[in-house]
Structures are given as structure tokens and as C-alpha cells.
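Student: I should like to learn how to read a protein model. Could we go through it feature by feature?

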Amino acid sequence: MKKKQDLRKRKKISIFIICVSMLIILYSLINIFIWLWDNYKIRQEINQIGNDNIITKPSDIEMLDSEKRIEEGQLLYSDPYWKIINSNYLQVDFTNLKENNSEVVAWINVAGTEVNYPVVQHSDNEYYLNHSLNRSQNGAGWVFLDYRNQMEKLDQNTIIYAHARKNGIMFGSLKNVLSSAWYENENNYVIKMSNEFEDQLWQIFSVYRIPTTTDYLQNNFLSDESTLEFLNKIKERSIFDFHTTITVNNKVLTLSTCHNSNERIVVHAKLIRSKKRI
């Protein structure tokens with residue numbers, strides 16, 4: 001009798017384990033489907049932006065003769081700054097973008113990555129974690145500006161966030177900056193950003209991976225001393241020396257994304273040139 005009871009008990013336990021396993025598998029399959037569907041929908045939006053020819057060709061700007069030196073017919077620069085400052089601006093027509101989403105505030109392009117997207121801004125830093133450019137629910141989210149910042153009058157630190165999707169979309173390719181192939185190439189040191197007020201060139205001076213913290217996300221500072229302390233901190237964290245000077249008078253752009261559940265990838269750049277839009 002006892003053996004039969006034990007057998008029934010073991011069968012019940014086995015059935016329970018099988019049911020739980022099936023539920024776990026089903027839950028995982030649903031999550032995989034949602035992840036793939038979100039990526040599919042995001043890719044559609046990205047492709048639609050390109051098909052609409054929102055991005056215009058970069059405009060040529062004059063080389064700064066007073067900021068270069070020529071030796072034996074070769075253009076030489078004492079600092080990457082002198083090369084980057086002569087990059088072409090990125091120009092964007094925001095008309096269609098803002099008709100589709102009035103919260104579009106800029107377009108950002110990071111050299112050496114796939115980051116080339118409109119930037120949006122909501123009244124908080126939560127909305128675009130799970131909404132796409134067309135404001136539909138989507139776990140991939142979108143690239144968004146910190147709600148405290150503004151584009152017309154830049155804060156001392158302008159902060160942009162996005163998810164690091166494993167398929168490379170949004171800030172998924174920002175991990176490139178941690179590779180020596182990326183940071184040993186001076187052509188990658190520029191971030192181009194365009195908004196309704198001006199076109200901008202930013203020079204990267206720090207890249208790093210760090211355990212989750214918010215100490216690099218302050219947008220303004222009360223004194224030059226606190227500003228300098230902040231700048232020294234974020235510059236010293238860099239995994240590579242970009243040979244770039246940074247002062248309290250520089251405007252900073254910060255890009256932040258998840259590397260994993262416990263770490264962030266961070267990029268800092270300084271504004272080196274801007275051109276007012278007509």
C-alpha cells in the first residue's frame with residue numbers, strides 16, 4: 001500500500017515538474033517572440049526614416065586655415081581636435097520628423113557605430129524606455145534626451161540615453177567604443193548632432209564601462225570647482241587617453257546605455273563647433 005502511495009506521489013511530483021517546465025518554456029518563447037517582434041517593428045521605423053530621405057547630405061564647411069599647419073604638402077594636426085573641428089556638419093530636415101512625433105528634438109550620429117537616429121524627449125526619463133519613435137509600445141524603446149536638458153540653451157552636461165539592444169539597434173553598437181580598433185582610429189572621435197537651432201560637432205574625450213551609478217548624470221553645477229571635479233572624474237575613467245583638454249567652459253555631451261544588468265557604457269564628448277540654423 002505504501003509503495004502505491006509513494007508511486008502516486010512521485011507521479012504527481014513528476015507531473016508538477018513537467019507542468020512547471022512547460023510553463024517556463026512557454027514564458028521564454030513568448031518573451032523571445034516579443035523581443036523579435038519589437039525589433040521587427042523598430043527596424044520598420046528605422047527603414048521608413050531612411051526611405052523618407054529625412055537626412056540630407058552633410059554640408060561642406062571651409063577649412064580653418066588659421067588652425068592648421070602645412071608641411072611638405074601634408075596637413076598635420078598637433079591634436080585630434082584640429083582634424084575633427086573641420087568635419088562636415090550633419091544637416092537634418094525636422095519637418096516630417098516633428099509631424100510624426102512632436103517630441104523629436106535632435107538627430108545624433110556617432111562615428112564608428114550604427115548610432116544614427118532622431119532623438120526624442122518626454123517629460124520624464126521613463127516613457128521612451130518602452131515606446132518607439134511613433135509612440136507605440138515597444139521594449140526596444142528609442143534614443144531620448146534627459147528631461148532636464150534642452151537643445152536651445154545647452155546645460156553644462158547634456159545627457160542622451162537608449163537601450164543597448166543585442167542586435168545593434170538603438171545604442172547596441174555603442175559597445176564599439178570599448179574596442180581598440182575603435183579608439184585607436186581618430187576618425188571615430190566625432191559625434192555629429194543637429195537640432196532645430198544649430199548643427200554641432202562634438203569631440204569624444206572619454207569612454208568607459210562602469211558599475212551602475214548616477215554620478216555622471218548631473219546636468220549643471222554650482223561652481224567652477226564642482227564642474228572641474230566632475231570633468232576630472234569622467235576624464236580619468238576613460239579606458240583610453242584621447243589627448244584632449246577639457247575646461248569648465250566646455251559643454252559636455254554624455255551618452256549612457258546598459259552593458260548588462262549591473263554595468264553601463266558611457267561616452268563623453270565636448271562641443272567644439274556649432275553653426276546656427278537659418
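Tutor: Let us begin with confidence. pLDDT is the predictor's confidence in each residue, from 0 to 100. This model is predicted, and the mean pLDDT of its chain is 84, with 76% of the residues reaching 70 or more.

Student: Over which residues does pLDDT stay under 50?

Tutor: Where pLDDT is low, the predicted coordinates should not be read in detail. Here, that applies to residues 62-77, where pLDDT stays under 50. For this stretch the model has 20 contacts beyond four places in sequence.

Student: How many helices and strands does the chain have?

Tutor: Its secondary structure comprises five helices and ten strands. Of the 278 residues, 44% count as buried.

Student: Is strand β7 largely enclosed or open?

Tutor: A residue counts as buried when its relative accessible area is under 20%. Six of the six residues of β7 (residues 190-195) are buried, so the strand is largely enclosed by the rest of the structure.

Student: Which strands pair with β7?

Tutor: Strand β3 (residues 104-110) pairs with β7 in the antiparallel sense over five bridges, and Asn-109 stands opposite Lys-192. Strand β8 (residues 198-211) also pairs with β7 in the antiparallel sense, over five bridges; there, Ser-194 stands opposite Asp-199. A hairpin of two residues joins β7 to β8.

Student: How many salt bridges does the structure hold, and how is one read?

Tutor: Side chains of opposite charge can pair when their charged atoms come close. The structure holds seven salt bridges. One of them links Arg-148 to Asp-146, with the closest N and O atoms 2.9 Å apart. Arg-148 is partly exposed, at 33% relative accessibility, whereas Asp-146 is buried, at 0%.

Student: Which residues are joined with Asp-215 into one network of salt bridges?

Tutor: Consider each pair in turn. Asp-215 and Lys-233 meet in a salt bridge at 3.9 Å, N to O. Asp-215 lies in the loop between β8 and α5 (224-236) and Lys-233 in helix α5, so this pair ties together parts that are 18 residues apart in sequence. Asp-215 also meets Arg-237, at 2.4 Å, N to O. Arg-237 lies in the loop between α5 and β9 (252-258), so this second pair ties together parts that are 22 residues apart in sequence. Through shared partners, Asp-215, Lys-233 and Arg-237 form one network.

Technical notes: Residues are numbered from 1 along each chain as its sequence is written. This is a predicted model: local features need pLDDT of at least 70, side-chain atom pairs count only at pLDDT 80 or more; totals for chains, interfaces and linings use all residues. Side-chain values use heavy atoms; hydrogens and water are left out. Buried means under 20% relative accessible area, exposed over 50%, partly exposed in between (1.4 Å probe, protein chains only). Helices (H or I, at least four residues) and strands (E, at least two) are DSSP runs, numbered from the N terminus. Two strands pair if DSSP finds at least two bridges between them. Contact means heavy atoms within 4.5 Å. A salt bridge is a side-chain nitrogen of Lys or Arg within 4 Å of a carboxyl oxygen of Asp or Glu.
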